[in-house]
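I opened this notebook to keep track of what I looked up, chain by chain, and in what order. The entries below follow that order.

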Amino acid sequence: MRFHAEVSAQGGGPRRDLGVVSERKPWAAPAAFRQNRLRRIAAFSICALLLGGCEGAHSMLEGAGTGAAAVERLFWVMLAAAAVIWAGIMALAFHAARIKAQPEREDTAEKFVLLGGVVFPTVTLIALLIAGMLLLRGMIGGEPDLHVAVEGEQWWWRVDYRTPDGDVSTANEIRLPLGQTVELSLTSTDVIHSFWAPALGGKMDMIPGRTTTLKLTPVEAGRWGGVCAEFCGTAHAQMRFEIVVLPPEEFETWLAAEARPAAPAASADGQQVFLTAGCGACHAVRGTGAAGTAGPDLTHLAARATIASGILPLTREQLRAWIDDPDAVKPGALMPAFPDLAPAQMEALLDYLTGLT
Amino acid sequence: MILRVTWRRAVAALGALLVAAFAFWWVAPYDISARVPHWRIFGEALHGYMNNAVRLRTLGVRPPPQVDLDDPALLRLGASHFLTGCATCHGAPGVERNPIVQMMNPEAPYLPDVQPRRPAALHWITYNGIKYTGMPGWTGEGREDEAWAVAAFLAKLPEMTEETFRALAFGSTLAPAPVSAIPFGQHSGALTTFGGCVRCHGSDGLGRDGTAPQLAGQTAAYLRRALGNYAGNHRQSGIMEPMAAPLTDSQRDKLAVYFAALPFAPPPDPPRPAALAQGDAAQGERLARQGDPARNIGACLGCHGQPGNPAPRIAGQHPRFLADWLRLWRTGPQAPGPHAERMAAAVRMLSDQDIADLTTYFAGSDSTAATVARVP
């Protein structure tokens, strides 16, 4: 019975191997990992980074808007339910591994599969879907107090307000009044972008040729971060924005200031450089004759906190670097470079731009 | 006897063939002297190959929609350039070639006597040239548009009298004395440096039907830069490069100063060539003043017509000239330097309709008035 002998010899092998494995405590880290401090530090850092994402201007757990609060509620409910289900399944698996196998009646097994594998997930998922739909309706329905049009472009955000004193166009910084519901009309001129300010509310795609809407009701004043959440080209990761939530009276003051034409030039020479160099071909500064529309309106540039779509603080140095070579700051940026400005021209231009309050 | 083909024999035959070919190359028994004609069969084979190549490469090729081969303006441009670049070897109506070029082998055909090919074939040969024949390619890299003017002229060449040719090539401003044979390396007539400019740009500097731009009222700095770019092969044109390259710095300077000083008085609302698409001047004005946010089109007037900006004056330019150059610029920078990069960025997304609208606006008297009001 050579055949049997072989089988038993093969059968003996794995059992011995199992014995070897069991000598090591199963929860201990592999030796290679234990010895590699660098890897441990790296893993720790990544965990720390990930946890760091759970708070601050970009956190959906911050609850700075009613939309975000609703999303957060749903998140916790789902997390809790998922934890309960996970614990149940684990308990079941543990139980199944422990009990002695014994014959079951076939209809009991079928009933178990039908209830646990079909009815339970169907009911749970439908309940979650309904909860999600209701949540979504709450996010886009209702009468808003304010309209703001936001257009995603490669790779910045055009923000337009309509006011009785005239249209206001700004970029990459959306100011909103505290406690009021704002309806954002979202669209795009080139590719699909996605508008997401996690601390304030949900995420919404911006689709060329269509207008989608998103409602936000900020309940906490402050500066909140936003990002483009749909890959849109080389500088997608540098397409950011800020939402500044202000008390309503401060917001009104700001909006009225934005509606006014540009402040008198802080540097007449700088204004001359701005016009002569051709900045006005793409940028408007209301009241100067510069009426370009391809790039951001710069009428009140200095009232904004950042440039280059939220990636750089608006300082003299950053502005200089940006104008000199935008592509070096933000790869793929569509603004052409101005390396041909003489140093004196550049300084005058910076005087002018930083004076556009 | 049956010759059995085996691998060994095939390899041996191939080796013998290679050795024979190398021996032919090394001994060079075929006479390459230009004084001796080709063996008839060899000459016919080469010529036939050329005809086949041109036919295959122009299958289904038609002139672009904006090119009207019967347009007199295009004929004039083609005739003028033929005089500069082609007549030395190919002759001209009523003018014999210099004996030197008649000794070329293959001999460049005396075109006034040759039944012309299809316009697409004329265009292909004009732009590409032909290897091993002495026919050069077009010196303006990428300017296939220019070669259509020469094709238009060549298509009409056999029926052309000497007087017609002279009127077309020299313009109405000059009437050089006829010559019996073309002096080698020169034009088929007495053409001064200045005459070379004004036959196309006009002695008033106002251009001629948009095949050449208006130079009057541009800044001298711009004209000097343009001439320098053409001369240095930094700006592409098969027509302007051969004119600009032989000029000395001081000649370029004098010409720039002269034309810049001419009064800017374009004819109000010149007739639009029929082949150019009609545009909407109001749309063109909106684009010129504000650009288009959705397509990142820069406002033309943000640079052109801004006092102090080095961009050329475009208001009042002929729609044909503007349309030709906007089509070029939207494919990329047409000159070196950051200004050219910015121009290319501003017009990258222009559609054909935008070009029609813009050229309608800028050719009109409204834009001229707007620019004149801004620029002293």
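The entries take confidence and domains first, then a sheet, then the other chain.

**Entry 1, confidence in chain A.** I noted at the outset that this is a predicted model, and therefore began with the pLDDT, which averages 85 over chain A, with 86% of the residues of this chain at 70 or more. The stretch I set aside is residues 1–30 of chain A, where the pLDDT is below 50 and where, beyond near neighbours in sequence, the model has 1 contact. Where pLDDT is low, the predicted coordinates should not be read in detail.

**Entry 2, domains of chain A.** I looked up the division of chain A and found domain 1 at 2–51, domain 2 at 66–140 and domain 3 at 268–354.

In which order do the strands of the open sheet run? I read E3-E2-E1-E5-E8 in chain A, which makes 5 strands with mixed pairing. The edges are strand E3 (166–171) and strand E8 (212–216) of chain A, each of which pairs on one side only, and the twist from one strand to the next averages 25°.

Turning to the E3 side, I found helix H6 (residues 248–259) of chain A lying across strand E2 (156–163) and E3 of chain A, at about 100° to E3(A).

For chain B I counted 16 helices and 0 strands. The C-alpha atoms of chain B fill a box of roughly 95 × 55 × 40 Å along the principal axes, and 39% of its 376 residues count as buried. Among contacts in chain B with a separation of 6 or more, 72% are between residues 24 or more positions apart.

From its first C-alpha to its last, H1(B) reaches 30 Å, close to the 30 Å expected at 1.5 Å a residue. After H1(B) comes B:Ala28, for which I noted a positive phi, near 50°.

Note on methods: Residues numbered from 1 in each chain as written. Chains lettered and ligands numbered in written order. Predicted model: local features only at pLDDT ≥ 70, side-chain atom pairs only at ≥ 80, totals over all residues. Domains from an automatic or database assignment. Pairing = 2+ DSSP bridges. Helix = DSSP H or I, 4+ residues; strand = E, 2+ residues; numbered from the N terminus. Axes fitted to C-alpha atoms, helices over the stretch in contact; angles between N-to-C directions. Contact = placed C-beta atoms within 7 Å. Expected span 1.5 Å × (residues − 1). pLDDT = per-residue confidence, 0-100. Buried ≥ 20, exposed ≤ 12 C-beta atoms within 10 Å, placed from the backbone.
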